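Please read them alongside the sequence and the coordinates.

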Amino acid sequence: MRSIAAMVLLTSCAAVPAADWPQFRGTRGSGASSEAAALPDAIGPDKNLLWKTPLPAGHASPVVADGRVFVAAVDGKRLLTIALDATSGKILWRREIPHATLEETHATGNAAQSTPATDGERVVSLFGSAGLFCHRAADGELLWRKPMGPFKNTYGAGSSPIIAGDRIILCQDHDQDSFLAAYDKRTGRELWKADRGEFPRGYATPVVWKNGDRTEVVIAGTLRIAGYDLETGKETWTVRGIARLINATPAVGDDGNLYVIAWSPGGDNDEKRIHADPYPKVLAEFDQNGDERIALDELPDGPIKHRFPQIDRDKDGFITTAEYEWMERIFNSARNVFLAIRPGGKGDVTASHVVWERDRYLPYVPSPLYHAGHLYTVKDGGIVISIDAATGAEVKRGRAPHTGGYYASPVAGDGKIYIANDRGRVSVLSAEPEWKEISSADLGETIYATPAIAGGRLFVRTAEAVYCFGSPRSEVGAERAGSDP
């Protein structure tokens with residue numbers, strides 16, 4: 001007998017229009033659109049541009065539902081949720097998010113880096129310790145808010161909320177007090193909360209996975225992947241032996257399998273691997289005042305000093321024995337890997353349900369794309385790889401037209417793959433195992449956000465604007481400017 005939560009989820013998914021892209025990486029958790037609408041072969045400032053709306057900066061990806069585009073932004077010290085008309089780009093409403101202070105983020109991040117989620121009636125945004133904010137999609141009225149934190153994380157919050165049936169699912173892995181929780185999307189009431197205190201900072205967004213007869217929430221975190229029952233929040237299975245810091249969100253395949261990339265610096269088995277010495281040795285070498293703690297100014301340049309804020313979990317300015325030994329285990333156990341997991345397992349399924357593994361050419365931030373039985377990845381330098389999802393065998397490896405850094409995840413639709421580097425250069429590839437370059441463009445603005453596909457349109461969020469591109473066959477109008485009402 002199906003659980004109530006599973007039945008609600010299936011009903012909700014069935015009701016989501018094919019032309020919606022309601023949360024990070026779309027509806028299905030694969031990064032691919034299933035709609036048949038035509039998408040442009042070429043894009044650019046003068047190619048297939050339907051509209052461009054200037055906006056304040058934001059790393060969060062756009063989401064689309066019921067003819068509206070929703071984005072998060074930061075304008076000076078103002079945090080914003082913004083709604084635009086998907087046809088014209090006109091700004092429909094913008095709402096300022098109350099907060100005490102802007103949280104510290106990574107040098108490449110900003111205060112609007114978690115992607116909103118929407119069901120067409122409401123849009124939910126996360127702004128770090130300011131919390132969750134739910135606005136009515138039609139007019140921006142604040143329906144409820146859920147304060148959080150303060151989070152102990154010098155890189156800020158990056159994981160995004162998702163909507164599963166009547167529930168908002170949120171994972172927040174920080175240097176202390178990590179958790180996975182479900183909230184009633186109508187009221188913000190907490191339905192369950194799972195402690196993830198063993199996991200330090202992480203940035204992967206949860207996915208919903210049909211694991212045999214169970215519907216689960218899956219999150220990839222430090223050293224292991226875990227599945228949780230959607231209805232109760234109880235952990236049901238795990239796969240161990242992955243990286244120490246996870247950015248990439250898992251992909252759910254049409255074949256029922258789960259695909260996870262886990263890579264972070266120092267986790268490869270090569271000369272760059274980070275090995276943490278035992279704490280007595282570290283104390284003997286660096287504890288200059290003999291207080292059996294390590295302060296930042298006692299350390300020389302190197303892996304420990306560079307990651308001092310991560311090891312100092314309570315942020316008191318010192319590394320203690322417990323903090324160091326905890327991170328020592330993580331550094332020495334970390335393993336960079338790309339793996340496939342088949343459904344049906346319970347408990348520790350590391351030895352029984354991992355279908356295949358890969359350990360080369362793995363991206364740090366971009367999530368894998370699943371499309372038509374193959375996986376596609378892009379890493380820094382523009383290295384694109386297609387992989388047979390059934391076997392893990394590499395089909396083709398090559399360079400995209402543009403090198404540089406890659407933060408945005410690849411997305412696919414209408415037989416095309418769209419990838420964007422951090423310099424604002426977008427490549428269009430054929431969505432086939434032996435992929436080929438179709439076209440490329442330079443938008444001239446930095447891109448960290450993953451594009452969205454909805455209604456035969458491609459929405460690209462840069463640091464300065466949202467662009468909407470459409471095929472000449474698209475019925476979308478050609479108005480190009482939005483303005484605040």
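1. Two strands are said to pair if DSSP finds at least two bridges between them; strands themselves are DSSP runs (E, at least two residues), numbered from the N terminus. On that basis β7 and strand β8 (residues 132-136) pair in the antiparallel sense over five bridges. V123 has H135 as its bridge partner in β8. The two strands form a hairpin with five residues between them, and G128 in that turn has a positive phi of about 55°.

2. On provenance: this is a predicted model, in which local features need pLDDT of at least 70 and side-chain atom pairs count only at pLDDT 80 or more, while totals for chains, interfaces and linings use all residues. Residues are numbered from 1 along each chain as its sequence is written, and side-chain values use heavy atoms, with hydrogens and water left out.

3. β7 also pairs with strand β6 (residues 117-118), in the antiparallel sense and over two bridges. Here V123 of β7 is the bridge partner of T118. β6 and β7 form a hairpin with three residues between them, where G120 in the turn has a positive phi of about 95°.

4. Is strand β7 mostly covered or mostly open? Strand β7 (residues 122-126) is mostly covered, with five of its five residues buried; buried means under 20% relative accessible area, exposed over 50%, and partly exposed in between (1.4 Å probe, protein chains only). R122, V124 and L126 point one way from the strand, and V123 and S125 point the other way.

5. The largest nonpolar core has 36 residues. A nonpolar core is a set of buried Ala, Val, Leu, Ile, Met, Phe, Trp, Tyr and Cys residues joined through side-chain atoms within 4.5 Å. The residues with the most contacts inside this largest core are I82, L84, F459 and F469. Elements giving two or more residues to this core include β1 (49-54), β3 (68-75), β4 (78-85) and β35 (465-470). β35 gives the most, with five residues. A second, separate core of 33 residues includes I162, V239, A243 and L339.

6. Which strands form the open sheet, and in what order? Four strands form it, in the order β29-β30-β31-β32, with antiparallel pairing. β29 (411-413) and β32 (437-442) stand at the edges with a single partner strand each, so one side of each is left without a neighbour in the sheet. β29 and β30 pair over three bridges, and the bridge partner of A412 in β30 is I417.

7. The structure holds 28 salt bridges, a salt bridge being a side-chain nitrogen of Lys or Arg within 4 Å of a carboxyl oxygen of Asp or Glu. One of them joins the side chains of R224 and E198 (2.8 Å, N to O). R224 lies in strand β16 (residues 224-229) and E198 in the loop between β13 (190-195) and β14 (207-211), so the pair ties together parts that are 26 residues apart in sequence. R224 is buried, with a relative accessible area of 6%, whereas E198 is partly exposed at 41%.

8. Another salt bridge joins the side chains of R136 and D139 (3.0 Å, N to O). R136 is partly exposed at 31% relative accessibility, and D139 is partly exposed with a relative accessible area of 34%.
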